[in-house]
Amino acid sequence: MFKPLLILATLFSFPAIAAEDVTAMLKKADSYRLPEGSSRVETVVELYRDGQLDKERRYTVYIKPGRRSLVLMKSAAESGQKLLMLADQFWLLMPDTQRPLRITPSQKLLGEASSGDIASMTWAEDYDGTVVGELPCPPKPAALAHGAEDGPRSCLRLDLTATRSGVTYSRIELLLERAGKLPVKADLYVQSGKRAKEAWFETGRANGQLRIMAMSLVDDIQPGRLTRVRYQRIVAREAPDEFFNPAALVRNSLAGW
Amino acid sequence: MSCRTLPASRVHRASRQSSGCAPHPAALPGQAWPGSPFHASSRQGLCRALLIGLAALAIGFTSTAHGIEANAALTAAPVWESRAAASPYEAGQGTTRNHSRQDLELRLREGGFNAQATLRWQTAEGGKPEHHGFANQAYVDGDLGGGLGFTVGKKVLSWGVGFGFRPLDVVQRENRRDVAPPALVGLPLLALERFSADTAWTLAWVRPGHGAGANDSRDSSLAFHGYRLVDGDDVHAVARLSHRRGVELGLGATRVVGEEWSFHGAALYQRRYAKTRNTLAENGGLLAASDPMLATPQRHGLKAVAGAQWTSGPWSLLTEAWYDADAYSRAEWQRLDALTARQRDLAGVAPASAIAGNVAWSSQAYRADNLLRENLLLRLAHDTGDGVKAHAELLLTPTDGGRVVTLGVSHEGDRQRLSLGLRQLGGKPDSAYAQSPLRRIAWIEWRWALF
């Protein structure tokens with residue numbers, strides 16, 4: 001019975017919403033994913049195939065302002081691998097060679113868990129766009145629903161385009177909860193214009209604050225595949241700039257950071 | 001005659017067993033081997049190796065509680081080699097040996113301390129199984145403040161750019177064309193390093209106090225690597241001073257263009273280098289009573305590589321060309337081919353053992369990393385994004401029409417990875433690769449990450 005009211009409200013309020021600053025909305029949405037500019041994020045990536053857990057990967061991600069990320073692979077199968085992202089430049093260190101390897105943005109997308117999905121946790125620095133509509137927030141697909149859904153909510157639909165090269169997705173259709181700008185869902189498009197993944201965000205509370213606790217990625221290109229990225233722990237950490245030097249990847253100086 | 005130890009998986013080194021020496025299939029420069037404290041070829045040795053393995057596992061299971069980062073993995077890598085009986089360089093000693101390497105590898109990290117050790121059990125057709133343990137790396141990284149740091153110990157130090165060949169890799173000198181290569185073994189060194197946001201340099205004293213060595217990896221040297229990120233381009237500079245090579249100076253760079261393209265190039269100048277040639281091929285002799293393959297000093301050598309890589313979706317295409325002054329020229333191969341033909345013509349005149357021995361000595365030319373100076377590599381790779389990767393490689397030696405085709409596929413599960421590969425050597429009948437005693441090589445590598 002609430003849906004017609006929501007639709008009416010959408011029709012009358014949209015012009016005012018469109019005038020809102022999209023960048024401010026994205027910054028607010030980002031704050032649910034990454035509360036601090038410089039952070040260390042403990043991430044667990046679960047890869048499901050046809051509903052069954054296929055693989056689990058663990059990462060420690062150091063993030064600094066200026067689109068700098070350093071991903072340390074912690075799982076037994078990937079231990080010692082590191083990925084460095086400096087804006088739209090990427091380097092990979094394989095433990096067997098002990099030599100940083102420069103990779104292209106396209107190579108960054110290869111592999112099972114796209115490193116871009118792990119290393120990038122903000123939109124405001126990389127995307128701009130417009131509010132293109134308001135709609136009732138869609139319910140999560142049954143496979144992703146954990147516990148009771150919230151009551152009916154209104155969502156803003158943002159059409160975002162990458163403002164920089166090297167980002168994982170060139171276009172994003174993002175649904176934010178209208179009231180708090182909480183991310184709900186995102187359709188992620190690659191450069192060819194094809195939708196690659198559908199992302200659903202899970203919320204929870206950490207240290208009394210509302211946070212995005214996990215992101216589930218439904219793969220459009222490989223049906224039956226689901227990737228769940230869980231943010232286990234996010235702490236403020238200002239790792240030194242020299243750790244973000246590609247040549248420094250071979251050193252083991254991140255202990256204690 | 002002294003016998004050098006060489007990696008088994010270097011497919012170019014097809015005649016290593018037919019030389020009359022029996023270098024161990026997986027012996028690497030710098031690793032422990034007969035006579036080392038960890039060598040074990042008896043039941044007692046096996047027990048000792050097992051105890052070390054169990055201790056490693058115990059460390060792994062208890063390390064988390066003590067803040068030590070530990071990983072262990074098991075690897076099994078059987079290799080099947082098919083020999084070319086019609087090759088002029090096949091000494092006919094029945095030395096074709098399939099072999100297999102089984103490794104238990106342990107890595108430990110705690111603060112700035114790093115250690116990597118391997119327990120290896122290996123078998124070779126016609127030989128006794130052997131087992132031994134050695135440290136791949138054991139070093140301490142320390143910080144001196146202000147971005148300055150130091151490293152002391154045994155460490156893998158890989159530098160430079162390139163896929164099939166890396167001219168600037170002047171310290172580690174990894175052979176990039178190995179199949180199912182074992183983990184690298186580092187070199188003892190003292191290093192001073194400095195890092196800022198976009199600049200880094202390393203000054204390393206490799207094998208300090210060791211003096212002149214029998215080969216590059218055993219030679220004491222002073223090596224420098226500088227790195228700078230310039231407008232998005234990686235720029236590398238290296239310099240090395242050693243007894244064997246004198247001064248080596250090199251520059252390299254990598255540039256990424258757009259989303260899909262990357263280009264790289266590097267060149268290294270060497271004041272001195274040595275080429276192992278058969279003296280009979282140079283002086284017109286026919287048969288030698290002792291090894292006629294001698295290192296001939298050369299001056300002003302050049303190594304260079306240039307390549308481009310394109311990646312789009314799951315596909316990736318690499319093309320790379322390189323020049324290696326250490327390798328034979330076409331004319332040098334022709335002289336060696338002519339000598340080998342003359343030696344073969346002596347059948348029935350000279351003792352068969354003398355002919356076979358001389359052919360085996362000549363076949364040491366196949367031990368080189370690159371058989372010819374000029375090389376061209378094409379590599380097409382596909383990544384399904386579902387743990388399955390495949391690649392096809394074509395290595396060409398344009399000056400003599402030789403070629404090497406390599407096919408490989410791998411699957412990575414949660415903790416296990418299985419790789420299969422096949423390599424075929426061929427080309428024009430008189431090319432170095434087509435005349436190689438090794439015709440085909442197939443391998444499997446199974447790796448299981450324990451923790």
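Visitor: About how much accessible surface does chain A come to?
Guide: This is a predicted model, and the value given here is computed from its atoms. Of the accessible surface of chain A, 53% belongs to carbon and sulfur atoms. The accessible surface of chain A comes to about 10700 Å².

Visitor: What percentage of the residues in chain A is buried?
Guide: Chain A, whose secondary structure comes to 4 helices and 13 strands, has 257 residues. A residue counts as buried when its relative accessible area is under 20%, and in chain A the buried residues make up 56%.

Visitor: Which residues lie nearest the centre of the largest cavity?
Guide: The count comes to 5 cavities of 30 Å³ or more, and the largest cavity has a volume of about 230 Å³. Its lining takes at least two residues from each of α4 (115-119), β10 (183-189), β11 (195-206) and β12 (209-219) of chain A. Of the 24 residues that line the largest cavity, those nearest its centre are A:G116, A:S120, A:W123, A:Y127 and A:Y169.

Visitor: Why can B:L222 be called partly exposed?
Guide: B:L222 is in strand β9 of chain B, and B:L222 is also one of the residues that form a nonpolar patch on the surface, with about 980 Å² of accessible area together. Strand β9 (221-230) is among the elements that give two or more residues to this nonpolar patch. Partly exposed means a value between the limit for buried, under 20%, and the limit for exposed, over 50%, so B:L222 is partly exposed because its relative accessible area is 42%.

Terms used
Residues are numbered from 1 along each chain as its sequence is written. Chains are lettered from A and ligands numbered from 1 in the order in which they are written. This is a predicted model: local features need pLDDT of at least 70, side-chain atom pairs count only at pLDDT 80 or more; totals for chains, interfaces and linings use all residues. Side-chain values use heavy atoms; hydrogens and water are left out. Patches are made of residues with over 30% relative accessible area and no salt bridge: like charges are joined within 9 Å, nonpolar side chains (Val, Leu, Ile, Met, Phe, Trp, Tyr) within 5 Å. Accessible areas come from the Shrake-Rupley method with a 1.4 Å probe; for residues, only the protein chains shown count as cover. A salt bridge is a side-chain nitrogen of Lys or Arg within 4 Å of a carboxyl oxygen of Asp or Glu. Buried means under 20% relative accessible area, exposed over 50%, partly exposed in between (1.4 Å probe, protein chains only). On a 1 Å grid over the protein atoms alone, a cavity is a set of points where a 1.4 Å probe fits but cannot get out, and a pocket is an open set with protein on both sides within 12 Å along at least five of seven lines; lining residues have an atom within 4 Å of a point. Grid points are joined across faces, edges and corners, and a volume is the space filled by probe spheres set on the points.
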